[in-house]
Amino acid sequence: MNNSFIQINQISKHFGDVKAVDNVSFEIQEGEFFSLLGPSGCGKTTLLRLLAGFEYPTSGNLLLDGIDITALPPDKRPTNMVFQNYAIFPHINVQRNIQFGLRKLGLTNEEIRKRVNDVLSLVKLEGYEERFSSQLSGGQRQRVALARALVRQPKVLLLDEPLGALDKKLRDEMQLELRTLQKNIGITFVFVTHDQQEAISMSDRVAVMSEGKIQQLSTPNELYKNPHNIFVSDFIGETNFLKAETKSQDGEYINASIEKLGEFKIKNNLNISENSSDVVCSVRPETMMIDKEKSDWDICLEGKIKQTSYLGEMTKFYIETKEIEKIITVSSQYFDNQSFKNNDCFISINLDDISLLNKK
Amino acid sequence: MMPFLIPEIILAVSILVIWLSLGFKLGLIPVTLGHILFCTPFAMLILIARIEGFDFSLEEASRDLGENAWGTFYRVSLPLYLPGIIASLLLSFIISFDEFILAFFLTGSDATLPMYMWGQMRFIQKLPHVLALGAVIIVFTTLIVLLAFWLRNIGQGKDKAGLGIKIHE
C-alpha cells in the first residue's frame, strides 16, 4: 500500500446528461492542505459532496486511509464538513451546536466538556456558548461551524467555500488563521474555492478543475509559473495571450514565431508538437518591463499607453503596439501614468518569461 | 386543493351520497372524515410555506455530524417544523370546531357543537344560552387563530436565520 491518505479512483458523477465530475483520479496525502479550485459549475463542490457522502458516484471508488468509503453514508464517514452557509442549527445555542456531533461517540460528560472547551478556545469563541446563530456575526458563525466539525476530531475536514460570505479584511484574516490552525492540528483539509488567490495562498497543493475534469494538479508555485494549459494559465493570475506557431524542435527548445515579432527559441516544457498553429504564448504582466527608453532585453517594443489603473502597490498599463493585435497588460511598481510623455513607452520581454501552451 | 374550490354544500352532499351508497350509517365517523378532507388544504398551505423556506443543508449537517436519518429528523427537522405543525393543527381544529354544513348533512343523531346550537335555537327561551355560547366561541377561536399565526411567523421576518428559514428580501 502506498502512503496516500485519500484515493479518488476514476470517479464520475452524472446528473442526467450533465457530467458534473468526469472520470477523475487523484490522491491526497495525510496532513495536507488540499484545494479544489475552479469556476462555478466545474464540479468542485460535487466532488467534495462525494467525499462527504451526500452524493454517491455514478462510477469509481473512494478510499480513505485504506478503507473503501464509496458506499458509506455521511454519518459513518470519518469526515466532517464546514458548509458554505455554515448550516448552524438555529434552534439550539452555540454550546449545543458544538456538542451535537458528540452524542454518538460514547464520551463521558467530562470528556465532552473538555473537548468543547478545547475547541472553543481553538477558534477563540470562549464566552459565546449561550448565544444563538441569529446573535452571531458572519465570522463568528464560521468559527462555530469550524468548531462543530473539529470537535469530532475527523480524519479529514471538508470546507465548502467557507470564506465566501465574509468581507475582504475578515477573509484575509481567516485565511491566515485557517492555515495556522491546519498546521497546528495536522488534520487533512480539503478546501473548495473559486478564488484563485485564496487557493494559492493557503494550499500545499491545488487541483484546478473545469468541466468536471482536473486541468492541473500541482503546488501553487508550479501552477503559477508553469501552467499546463490555456485554461489554467488564464484562471490563475492574469496573463497576456499572444498568437504563435511552432516550427522545428531544437533540443529542449522549440522555434516559434510569435505574432509579428519574429521567430524565437522558447523552452518547450510541455512537449508541444512541431509545426503546430494550435498554440499560444502566455506572458505575465509583471514579468514585462515598462520604461521610457529602449532596453537590451530579448524583445523590446514601442507602444502607446491606452489606459492605466492605479492599484496602490502597483500600476497596470494597457498598451497598444504595432506588432501585437491585442492590448497588452503590463504592471509596474516603479511608474505611474504621469511618467510618460504623450503616453509613449517601451515594453520589454525576456524569452524565459514566455511560456508556450496548447490551445486545447 | 380541490375541497378548497368546491362549494362546501356540494362537498357535503357528495360525501353524503357516497357514504350512504356504500351502505354505512351517518354519525361522527363521516363527519370526521369530511372534516379531515376539508381541513387538509388549509394545513398544507401553512406547512408548504414553512417547508419551502427550509434550509436543507441543516439536515445534511446533521448527517455529517454522525446522526442517521431518524436522529436527524428527531433532533433537527422536527424541532424546526414544529411551530408550523402546531399552527396548522390549531387552525384545522378551529375550522372543524365551528364547521356547520358538513356536520348538518353527515351527523345523523350525534351532534357537534354547531349542530347542538342549531337544535337549541328552536326554543326561544334557550336563546340567551346560545348567544352566550356564541360569544365565548368567538373569543376562543380568535385567540387560537392569533396563536396559530404567531407560531407560523416565528423565525420569519424579524429574526433572520432564526429558525432555519431563508428570508427572501
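E211(A) sits in the loop that joins β9 (205-210) to β10 (213-218) of chain A; strands here are DSSP E runs of at least two residues, helices are H or I runs of at least four, and both are numbered from the N terminus. This is a predicted model, in which local features need pLDDT of at least 70 and side-chain atom pairs count only at pLDDT 80 or more, while totals for chains, interfaces and linings use all residues. Residues are numbered from 1 along each chain as its sequence is written, and chains are lettered from A and ligands numbered from 1 in the order in which they are written.

Most residues other than glycine have a negative phi. E211(A) is not a glycine, yet its phi is positive, about 50°. Y86(A), also not a glycine, has a positive phi of about 70°. Y86(A) belongs to the loop between β6 (79-82) and α2 (94-99) of chain A.

Are these residues buried or exposed? Y86(A) is buried, because 24 other C-beta atoms lie within 10 Å, and the cut-off for buried is 20 or more, with 12 or fewer for exposed and partly exposed in between, C-beta atoms being placed from the backbone. E211(A) has 15 other C-beta atoms within 10 Å and is therefore partly exposed.

Chain A also touches chain B. Each chain puts 20 residues into the contact, where two residues count if their C-beta atoms, placed from the backbone, lie within 7 Å. On the chain B side, α4 (57-64) and α5 (69-97) each supply at least two residues. α4(B) gives the most to that side, with six residues.
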